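Q: Please take a close look at one helix of this model. Which of its residues are buried, and what do they pack against?

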Amino acid sequence: MTRMKLLASLLFAAGLALPALPAAAADITLLNVSYDPTRELYRDINAAFAAEWKARTGDNVLIRQSHGGSGKQARAVIDGLEADVVTLALAADIDAIATHSKKLPQDWQKRLSNNASPFTSTIVFLVRKGNPKAIKDWDDLAKPGVAVITPNPKTSGGARWNYLAAWAYANEKFGGDEARIRAFVQSIYKNAPVLDTGARGSTITFAQRGLGDVLIAWENEAFLASLEFGKDKFDIVTPSLSILAEPPVSLVDANADARKTRPVAEAYLAFLWSDKAQALGAKHYYRPAKPAAAAKEDLARLPALRQVAIDQAFGGWKAAQTKHFGDGGVFDQIYAPAR
Amino acid sequence: MTFAFRQKTALPGFHLALGYTLVYLSLIVLLPLAALVLRTSSLGLAGIVDLALQPRILASLRTSFGIAFAAAAFNAVFGLIVAWVLVRYDFPGRRFLDAAVDLPFALPTAVAGIALAALYAPTGWVGGLLEPLGLKVAYTPLGIGVALVFIGLPFVVRTVEPVIRELEPEIEEAAATLGANRGQTLRRVILPALLPAIITGFALAFARGVGEYGSVIFIAGNIPYVSEIAPLLIIVRLEEFDYAGATAIATLMLVAAFAILLFINLVQAWSRRRFGYV
C-alpha cells in the first residue's frame with residue numbers, strides 16, 4: 001500500500017467514525033437545515049467534507065442535518081433555529097429568511113455561482129409500468145379521465161416547481177395567451193383527486209396507495225420511488241419541456257458569526273462545487289452544475305430535455321411567488337368555484 | 001365560632017389552592033389564548049371580517065364544523081351502545097375491548113391518519129371492498145368523517161360509562177313492575193338519566209374533531225372547497241409567513257367553538273333541570 005492510499009483510507013475511516021463521536025469531542029459542529037429528499041445526498045457529502053476538512057486543518061467537523069418541508073424549515077430558521085447553512089428547495093424560502101429575519105443579506109443568491117445552486121433537478125412524470133394511459137407530455141395530463149397526483153403548492157416547495165413547469169409548457173404552447181394557459185393548468189389540477197401537503201406524501205399516495213395514473217415529481221424523487229417500490233412497477237416519462245429546478249444553498253451570516261463558524265461554513269458550501277461533491281450529486285440523481293466531474297454512467301441516467309429557467313420565464317421567484325402562490329393568487333383562483 | 005367566617009370549607013388551604021388554580025389556568029390556558037387574540041388584533045376588525053367572509057375560508061369552516069358535528073353525533077349514538085355493552089354485560093374479552101376503546105387517545109394522530117388512509121384507500125382492505133359499490137371514503141369528506149369518528153369515540157364512551165355504572169338495574173326492574181314496556185323504560189327512565197353525560201361526551205368529541213389536524217390531513221384529500229379543513233388553511237397561511245392571517249382563522253375557529261360549547265352547556269343545564277341532577 002502506498003503512503004497516499006494509506007492516508008486516504010485513514011481519512012476515510014476518520015470520516016466514518018466522526019458521526020459516532022459525542023458532540024463534545026468534535027471541535028466544530030455545523031447545522032445544515034435542508035428540505036425533505038436530500039437526506040441520502042447530504043449524508044454522503046457531509047462524510048466527504050469532514051474527511052477533507054480534517055486533512056486540510058486537522059480539526060474535526062461534525063455536520064448535523066435537519067430535514068423537513070422546505071417552507072417549514074425556513075420558518076424554523078426565522079423563528080430562531082441556529083442554522084449555519086441552509087440548503088432549501090427554492091430560492092423563495094431563503095428570500096423569506098432574508099426578508100423576515102435579516103440574518104442574511106438580500107443578495108445572497110449572487111454570492112455563489114450557478115444562482116447558488118450546486119445541483120439542479122427537473123420535474124418529470126412517474127407512471128404505472130407500461131404506461132397504460134400513454135402519457136407522453138403535459139397535454140396528456142390535462143385530458144379528462146387521467147388522475148394526476150401532485151402535492152399542494154400552498155404547502156409544498158416541490159409542488160410549486162410542478163405547477164410552474166406545467167405553466168411554462170402551456171406558455172410556449174399557447175404563445176403566452178394567459179387565459180388559455182390558465183385553463184390548461186386548471187384542467188390539470190381538476191384531474192388531481194388529492195392534494196397532499198408534501199412531496200413525499202404524494203409519492204406515497206401514488207406508489208403505495210395506488211392512487212392516480214401519473215405522479216408529477218422531482219426527477220431524483222421519481223428515481224428513488226422506483227428504486228424503493230420496485231423497478232418493475234413504474235416508468236419514468238420525461239416531458240418535452242420542463243423547468244430548471246434550482247434548489248439553492250446559502251450561509252446564514254448572523255448565525256455563523258454568532259457561533260464563530262463562518263470559515264468552516266463557507267468552506268462547506270464551496271465544497272459542494274468540488275469534483276467529489278458534484279459526483280456524489282449525480283450519484284443521487286441530481287444534475288450537477290459541473291457535469292464533467294460526475295461519473296458517465298450516472299449522467300447517462302438523466303435524459304436531456306429542454307429546461308426553462310424561472311428567471312427568464314417568470315421573472316424570478318419573488319414575482320412568481322406573488323403572482324401564483326400568494327393569497328388570492330392564480331393558484332387560488334383556479335380553484336375558485338365558477339360563478 | 002370565630003373561625004366560621006374565615007373557613008368556608010372543611011378543607012384547609014382555600015386561598016392557597018385558589019391562588020394556585022388561577023396562576024395555573026392563566027399560564028396554561030389564558031396566556032396562549034391572549035397571545036392568539038393579540039396577534040389577530042393587528043389585522044383590525046375590518047380585516048378579520050373580510051377574512052371571515054372569504055368563500056374558501058367559509059367553505060373550510062363549514063367542512064370542519066359540519067363533519068365534526070356529524071361525527072360527534074354518530075359517536076353519541078354508537079359510543080353509548082359500546083359503553084352500555086361494556087358495563088352491563090360480561091363476556092370473554094370484555095376487559096380487552098374496554099382497553100381498546102382508549103387506543104385513539106394513545107395513538108399519535110398522524111399514525112392513526114396514515115393507518116386509516118391505508119385501510120380506506122381504493123387499494124386498502126376496506127376501501128377495496130367499498131370501491132365496487134361506488135363508495136369512495138379516503139380522500140373525500142367521508143374520509144374526514146371516518147377519522148373524526150375514530151378520534152372521538154373514547155370521549156363519548158369514557159364519559160357515559162361511569163354514569164351507566166351508577167345506574168342501578170333495579171330502576172329498570174322497578175319500571176317494568178310498574179308496567180313500562182322496554183321502549184318506555186329506555187325512553188322515560190334510562191335516556192333522561194344518561195342525557196347530560198351523553199351531551200358532555202358529544203361536546204368533547206366535537207371540540208376535539210374541529211381542531212383535529214394530524215389524523216385528518218392524510219385521509220382528507222385537501223381539495224379546496226371540497227375536503228379542505230380549516231386547520232389546513234392555518235398551515236397554509238403560516239407557509240406564506242402570514243402570521244396574522246393564520247391567527248385570525250384560529251380566532252374565528254375559537255369564537256365559533258366557544259359559541260357552540262356555550263350552547264351545548266346551556267342545553268345541558270336545561271336537561272339537568274328537566275331530568276334531575278347526574
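A: In α8(A), the buried residues are A:Ala199, A:Gly201, A:Ser202, A:Thr203, A:Ile204, A:Thr205, A:Phe206 and A:Ala207. A residue is buried if 20 or more other C-beta atoms, placed from the backbone, lie within 10 Å of its own. Helices (H or I, at least four residues) and strands (E, at least two) are DSSP runs, numbered from the N terminus. The model is predicted: local features need pLDDT of at least 70, side-chain atom pairs count only at pLDDT 80 or more, and totals for chains, interfaces and linings use all residues. Residues are numbered from 1 along each chain as its sequence is written, while chains are lettered from A and ligands numbered from 1 in the order in which they are written.

Helix α8 of chain A covers residues 199–207, and eight of these nine residues are buried, so the helix is largely enclosed by the rest of the structure. Its buried residues pack against the chain A elements β5 (123–128), β6 (148–149), α6 (157–173), β7 (214–218) and α9 (219–229). Contact here requires C-beta atoms, placed from the backbone, within 7 Å.

Elsewhere, the largest nonpolar core has 155 residues. Such a core is a set of buried Ala, Val, Leu, Ile, Met, Phe, Trp, Tyr and Cys residues joined through C-beta atoms within 7 Å. Among the residues with the most contacts inside it are A:Leu126, A:Val214 and B:Ile219. Helix α8 of chain B (residues 141–166) gives the most to this core, with twelve residues. Leaving aside neighbours within four places in sequence, B:Ile219 is in contact with residues including B:Leu116, B:Tyr120, B:Ile144 and B:Val146.

How values were computed: Buried ≥ 20, exposed ≤ 12 C-beta atoms within 10 Å, placed from the backbone. Contact = placed C-beta atoms within 7 Å.
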